[in-house]
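Subject: Handover of a structure and its findings

Dear colleague,

Please find below the structure that I am handing over to you. My findings follow it.

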Amino acid sequence: MPPPRLVSADSHVAITQDRVKAFLDPKWHDEYDAAVAEFGRRMSGTASMKMNQALMELKPHPSAGRPGYAEPAARLADMDEDGVDAEVLYCEVSAFRYLYLVKNGWREATRAFNDAMWAFGSEDPKRLVVNAQIPIHDIDEDAGATFIARTHALEPSTLYARAE
């Protein structure tokens with residue numbers, strides 16, 4: 001009997017805003033940056049932000065500081081070292097938290113965010129299973145269906161759609 005597979009169902013990776021913008025048409029960069037800045041302003045003084053920062057200082061995640069947090073080849077090496085066969089990957093900063101603030105280019109920004117995640121997972125898509133996200137604001141049916149169909153076509157992947 002083969003050994004059991006160890007699959008992490010809730011792993012996190014660092015996808016920078018610059019990495020997302022590498023997949024986004026430059027005409028949307030200013031609007032995207034403004035949305036990220038607005039999200040930062042809204043979160044900067046909240047109790048949850050302060051608590052998250054305090055917890056990370058008191059008890060950093062065991063993999064904190066490892067290159068695999070931001071680089072897919074290093075992530076695979078970490079997984080091998082840890083005996084993990086596959087991981088479902090979420091971005092450390094969830095896009096649904098700020099994509100709704102992108103007024104005109106939210107479709108393009110959503111696609112760019114998901115493309116950045118899929119690029120991370122493309123190193124080994126069967127082991128690095130990325131989680132795509134769609135905005136939580138009131139999007140039209142066609143846009144939602146388009147995001148879902150695209151996610152399905154790029155399997156293996158998962159989709160995070162948060163309902164309000």
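How many aromatic pairs does a search of the whole structure find? The search finds two aromatic pairs. Please note, before the details, that this is a predicted model.

Tyr-32, Phe-39 and Tyr-98 form one aromatic cluster.

The relative accessible area of Tyr-98 is 1%. Phe-39, at 16% relative accessibility, falls under the 20% limit and therefore counts as buried. Leaving aside neighbours within four places in sequence, the contacts of Tyr-98 are Gln-17, Tyr-32, Ala-35, Val-36, Phe-39, Val-93 and Phe-113.

I turn now to the chain as a whole. It has six helices and four strands, which run β-α-α-α-α-β-α-β-α-β from the N terminus on. Of its 164 residues, 37% count as buried. Among the contacts between residues at least 6 apart in sequence, 77% join residues at least 24 apart. The accessible surface comes to about 9800 Å², and 56% of that belongs to carbon and sulfur atoms.

The largest nonpolar core has 33 residues. Those with the most contacts inside this core are Ile-15, Val-20, Tyr-32, Tyr-98, Phe-113 and Met-117. Two or more residues come from each of helix H2 (29-44), H4, E2, H5, E3 and helix H6 (141-153). H5 gives the most, with eight residues.

Ile-15 deserves a separate word. This residue lies in the loop between E1 and helix H1 (17-21) and, at 9% relative accessibility, counts as buried. Beyond its neighbours within four places in sequence, Ile-15 is in contact with Val-20, Cys-91, Ala-116, Met-117 and Phe-120. Ile-15 and Glu-71 are 56 residues apart in sequence, and their C-alpha atoms are 9.3 Å apart in space.

Helix H5 also holds Asp-115. At 15% relative accessibility, Asp-115 counts as buried. Its contacts, leaving aside neighbours within four places in sequence, are Phe-23 and Arg-150.

Which residues of helix H4 are buried? In this helix (residues 72-82), they are Pro-72, Arg-75, Leu-76, Asp-78 and Met-79. Seen down the helix axis, these residues fall within an arc of 160°, so they line one face of H4. In an α-helix there are 3.6 residues a turn, so residues three or four places apart point the same way. The buried residues of H4 pack against strand E1 (7-13), strand E2 (86-91), helix H5 (106-121) and strand E3 (128-133). On the face turned away from the buried side, H4 carries the exposed residues Asp-80 and Glu-81. Gly-83 follows H4 and has a positive phi, near 75°.

Finally, why is strand E3 described as largely enclosed by the rest of the structure? Six of its six residues are buried, so the description applies. Both faces of E3 are covered, with Leu-128, Val-130 and Ala-132 buried on one side and Val-129, Asn-131 and Gln-133 buried on the other. In a regular strand the side chains alternate between the two faces of the sheet. E3 runs parallel to E2, and three bridges join the two strands. Glu-87 has Leu-128 as its bridge partner in E3.

With kind regards

Methods
Residues are numbered from 1 along each chain as its sequence is written. This is a predicted model: local features need pLDDT of at least 70, side-chain atom pairs count only at pLDDT 80 or more; totals for chains, interfaces and linings use all residues. Side-chain values use heavy atoms; hydrogens and water are left out. Buried means under 20% relative accessible area, exposed over 50%, partly exposed in between (1.4 Å probe, protein chains only). The arc is that of the directions from the helix axis to the C-beta atoms. Contact means heavy atoms within 4.5 Å. Accessible areas come from the Shrake-Rupley method with a 1.4 Å probe; for residues, only the protein chains shown count as cover. A nonpolar core is a set of buried Ala, Val, Leu, Ile, Met, Phe, Trp, Tyr and Cys residues joined through side-chain atoms within 4.5 Å. Rings of Phe, Tyr and Trp (its six-membered ring) pair if their centres lie within 6.5 Å; planes under 30 degrees apart count as stacked, over 60 as edge-to-face and the rest as tilted. Two strands pair if DSSP finds at least two bridges between them.
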